[in-house]
Amino acid sequence: MTRKQKIIQCAINTNIIDDNLTAIGIMDLDRLKQTVKDAYDAFPENFYHTFAVKANALVSVLKSLREYGMGAEVASPGELLIALKAGYSHDSIIFDSPAKTMADLRTCIKYGISLNIDNLQELARIDALMLEFPETKSVIGFRVNPQIGSGKISSTSTATATSKFGYALADGNNKQKLIEIYKARPWLKSIHTHTGSQGCELTLMASGVYSITALAEEINSYIGHQQVVRLDIGGGLPVNFISEEVSPTFKEYADVLSEKVPLLFTNKYQVKTEFGRAIAAKNGVIVTRVEYTKNSGGRHIATTHAGAQILTRTAFLPKSWPLRVTGFLPCGEEKTSIQSEVIPTDVAGPCCFAGDLICVDQQLPKLEANDYVMVHDTGGYYFSNHFDYNSLPRIGVYAVSGDDDALIIKCIRKADTVEDVLAKMEYRE
Ligand SMILES: *Cc1c(COP(=O)(O)O)cnc(C)c1O
């Protein structure tokens, strides 16, 4: 029996999953720990890995990641508060939003939280704050857009010519301007790029990293000493949603990087990463119950409680964000073609629009009411990111740990009740 099968059985045995279940998220902390170890093992000691909090902003998951040795990359004041609550020290956090307010910037500079500047207007604000806090411990850099092109998914490609992110390096004489900006400000010690996420090839990511490394070298040689000491190469390692296989691995990415940008592997620079999806996705699942089934137009349809409210990307962009599902009997046994015939199936969510589907026309052992459906690889950007959590009840989240035969499962976020939701909505009256 696989670990995932054991997890579902453990959840049934402990009454976390029963015939009233709507949907829950489950994070496998042991596997998460192993994934962080894989990241550290793949890269040399001058690499420091931070976790992109937007991928899974649950305090207890973040606490675990901190214990496993990661820092935190945050992109909003809310994420900053969550990271602080999870115990991250100021010097292990980096703030990356493209829309930092003056208050956000002041907080960073005052408390020594590192940040990446997105544009020249933000630079002017930092110039003013540096006069106020000249001794700040923040490591400050520019987010550079190397403008090297798009991956397969435009909404997650951040290094296109017209991307909203960062300082456009290839426009006009922007590069020379940036070099002068660094020369005039000895406190600019870092350079950042995040080429993009799911859908970007390793070689595209590596060419973005190459651009900022070459730029750092150029700045340092123009200034005459090594002012830029840190390269923040972002996240974006894609995840395989088609099977259980981890592909690409951190090691494969490290191999491509060491071939294309060997300088990263020499200890000359401190290198920081910001992986999100590659750390979290494969270590979490959603489990939901089939409420009803029907047959429409020859298609078997299983209606569950996991749809656009927690599987938002998949519901709206199913071609870019396909997800795998597995059916389980109410007793927790995996459904196979031995017990039930395999038929073309749509697994649907509970929301009132036609596109609210987890998967379409999939060959699955026939699902019945009260079966369970496991939605794989949903540990990042799914159950922690609710579409509208002011008006929809949030689902409960559980963490499992321990050996396959001695799993321990505990609640790390309680599901909202309808009363909780109503209480939150009072301010709208
Ligand atoms: C979203 C984001 C990340 C993480 O991206 P993944 O694809 O989840 O690894 C890292 N850095 C920045 C600046 C981001 O916006």
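This is a predicted model: local features need pLDDT of at least 70, side-chain atom pairs count only at pLDDT 80 or more; totals for chains, interfaces and linings use all residues.
**Entry: the ligand shell**

**Entry: polar atoms at the ligand**

I then looked up single distances. For Tyr-381, a polar side-chain atom is 2.5 Å from an oxygen atom of the ligand. For Glu-274, an N or O atom of the side chain lies 2.7 Å from a nitrogen atom of the ligand. For Ser-197, I noted 2.8 Å between a polar side-chain atom and an oxygen atom of the ligand. These pairs count as polar contacts because the N or O atoms are within 3.5 Å of one another.

I also checked how much of the ligand is covered. On its own the ligand exposes 390 Å², and the protein buries 94% of this.

**Entry: two domains**

Next I turned to the chain as a whole. Its domain assignment lists domain 1 as 3–26 + 282–424 and domain 2 as 89–275. Between their C-alpha centres I read 36 Å. Domain 1 brings 11 residues to the contact, and domain 2 brings 12 residues.

**Entry: the area between them**

An interface is often sized by the accessible area lost when its parts come together, so I looked that up. Domain 1 and domain 2 bury about 910 Å² between them. Carbon and sulfur atoms give 62% of that area. On the domain 1 side, the residues that lose the most area to domain 2 are Lys-282, Trp-321 and Arg-324, which together make up 57% of what that side buries.

**Entry: charges and polar pairs**

How many salt bridges are there between domain 1 and domain 2? I found two. I also looked up the salt bridge that joins the side chains of Arg-324 and Glu-244, with 3.0 Å from N to O. Five residue pairs are in polar contact across the interface of the two domains. Last, I classed the side of domain 1 that touches domain 2: four nonpolar, two polar and five charged residues.

Notes. Residues are numbered from 1 along each chain as its sequence is written. Side-chain values use heavy atoms; hydrogens and water are left out. A polar contact is a pair of N or O atoms within 3.5 Å; within protein, one must be able to donate a hydrogen and the other to accept it, and residues adjacent in sequence count only if both atoms are side-chain atoms. Accessible areas come from the Shrake-Rupley method with a 1.4 Å probe; for residues, only the protein chains shown count as cover. Domain bounds come from an automatic or database domain assignment. Contact means heavy atoms within 4.5 Å. Buried area is the accessible area (1.4 Å probe) that two parts lose on being put together, summed over both. A salt bridge is a side-chain nitrogen of Lys or Arg within 4 Å of a carboxyl oxygen of Asp or Glu. Ala, Val, Leu, Ile, Met, Phe, Trp, Tyr, Cys and Pro count as nonpolar, Asp, Glu, Lys and Arg as charged, and the others, Gly among them, as polar.
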